[in-house]
Amino acid sequence: MLASCLAFGSLPLALHAEENDKLQLSGFARVIMGYLDDANAEYIGYDNSVSFDQQSLIALQADYRFTDEISVTGQLVGNTGKQRDSGIEWLYLTYKPNKALQIKLGKLRIPFFNYSDSLDVGFAYPWLTLPQQFYDTAFFSTFEGVSANYEFTVKDWVINSEGFWGYYDDAFNVASRSVDAQVTGLFGVNTSAAYRGWSFRASFAQGDADVELPEATQFGEQLRQLGFNKNGDWLDPNGTIQFFQLSANYENVDYFVRSEVGKVVGKSGITPDINNFYISLGYNFNPYTLYISYGKRKVYYDHIPNEIPYGVSDGLNTLAATYDFVLTQFSDDKNNGTKLGIRWDWKSNIAFKGEMTLIEANGPISNDFSLVDLGNFDDRAILYQLGLEWVF
């Protein structure tokens, strides 16, 4: 009888321990201060005043394992910046029948680039701010759908292949404007290979975008009704968009080299084509890391000639001038950023960072990405940042 009572009394403790084993809680946080030394521009939201509220955030993640094969993951992120909403960032079910294959279903990060999965986890990469000339061109970072990942080894090589399919239905920010968009038929593949200190990655993604820009849509329809079909079609914001990426990296105990090259191809007239890359060199002397990075982006539009004749009538003159003005709002954009920074791993889960980024523009700025011209910008500014990165 006594033995039975003891066994029954220990049952809640055993069940509680079992539940604790199934549920894993973790999180991360960033506190970042920034200051841009130019009153005539903004860069990733920073202006000519000290700010803590552009990139600072806190996140909590819960992983619950139903069985050895099935688990669910949810991540809640609280952002201080105006360009990103707070809320559920991840919510997906994972099925892992063996060590090689993993299938996820739900709200996921789109694996466009090397650091797509860890965009918010600053502790996971050396920079304080990811190279924006490269990472500010994805437009959106999550999707709802399914992904499958398969990993295997060939001698000293570790090969990982992934495919995904789904859709996006939400708003994304273009400069200071929020734009509703739907992307259907979204799919992509990527493959990475690691050999000792080397790693390589290639990826491709594509989707059909339906972007809500009523002014452009209405003006384009008006042009088509008047017979100016080419100019009207150019203003159609909807169409296929493609992402291409290649990367090569090397890292050992003392130093690292990290690089990515990308290309975005927009099939609609007002969706630009983008070529971009970055390369970063770093030196480790525990507990510090020094790094320098250079990134460059070229944004260009396939502007077509104005079909609308001048000098025929006042109405056509107004229409032609309006179209020419609209074209000026979609200007080609070239800019580059050079980073110099240091990271101090104070503890195993806490790092302090300091970073200085020189931003240089070459000609007009489109204002659709991280760099915004507020008027009279002289094409050159420096962003100073200090940050705390924490994982728990």
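Predicted model: local features only at pLDDT ≥ 70, side-chain atom pairs only at ≥ 80, totals over all residues.

Reader: Which members of the largest nonpolar core touch the most other members?

Author: That core has 65 residues, and Leu-235 belongs to the group with the most contacts to other members, together with Phe-112, Leu-223, Trp-234, Ile-308, Tyr-323 and Leu-371. Helix H5, which spans residues 314–328, gives the most to this core: six residues. Another core lies apart from it and has five residues, including Phe-28, Leu-57, Ala-59 and Val-121.

Reader: Now the charges. How many salt bridges does a search of the whole structure find?

Author: In general, side chains of opposite charge can pair when their charged atoms come close. The search finds twelve salt bridges in this structure. One of them joins Arg-30 to Glu-389, with 2.7 Å between the closest N and O atoms. This pair links distant parts of the chain, 359 residues apart: Arg-30 sits in strand S1 (residues 23–36) and Glu-389 in strand S18 (residues 380–391).

Reader: Are Arg-30 and Glu-389 buried or exposed?

Author: Both Arg-30 and Glu-389 are buried. They are also linked with Lys-353 in a network of salt bridges.

Reader: Where in the chain are the partners Glu-89 and Arg-109?

Author: Glu-89 is in strand S5 (residues 87–95) and Arg-109 in strand S6 (residues 101–109), 20 residues apart. Their closest N and O atoms are 2.9 Å apart in a salt bridge, and both residues are buried.

Reader: And why does Glu-360 count as partly exposed?

Author: Its relative accessibility is 23%, and partly exposed covers the range between under 20% for buried and over 50% for exposed. Glu-360 forms a salt bridge with Arg-380, whose closest N–O approach to it is 2.7 Å. Arg-380 is partly exposed as well, because its relative accessible area is 48%. Glu-360 lies in strand S16 (residues 350–361) and Arg-380 in strand S18, 20 residues apart.

Technical notes:
Residues numbered from 1 in each chain as written. Heavy atoms only, no water. Core = buried A, V, L, I, M, F, W, Y, C linked by side-chain atoms within 4.5 Å. Buried < 20%, exposed > 50% of the residue type's maximum accessible area, 1.4 Å probe, protein only. Helix = DSSP H or I, 4+ residues; strand = E, 2+ residues; numbered from the N terminus. Salt bridge = Lys/Arg side-chain N within 4 Å of Asp/Glu carboxyl O.
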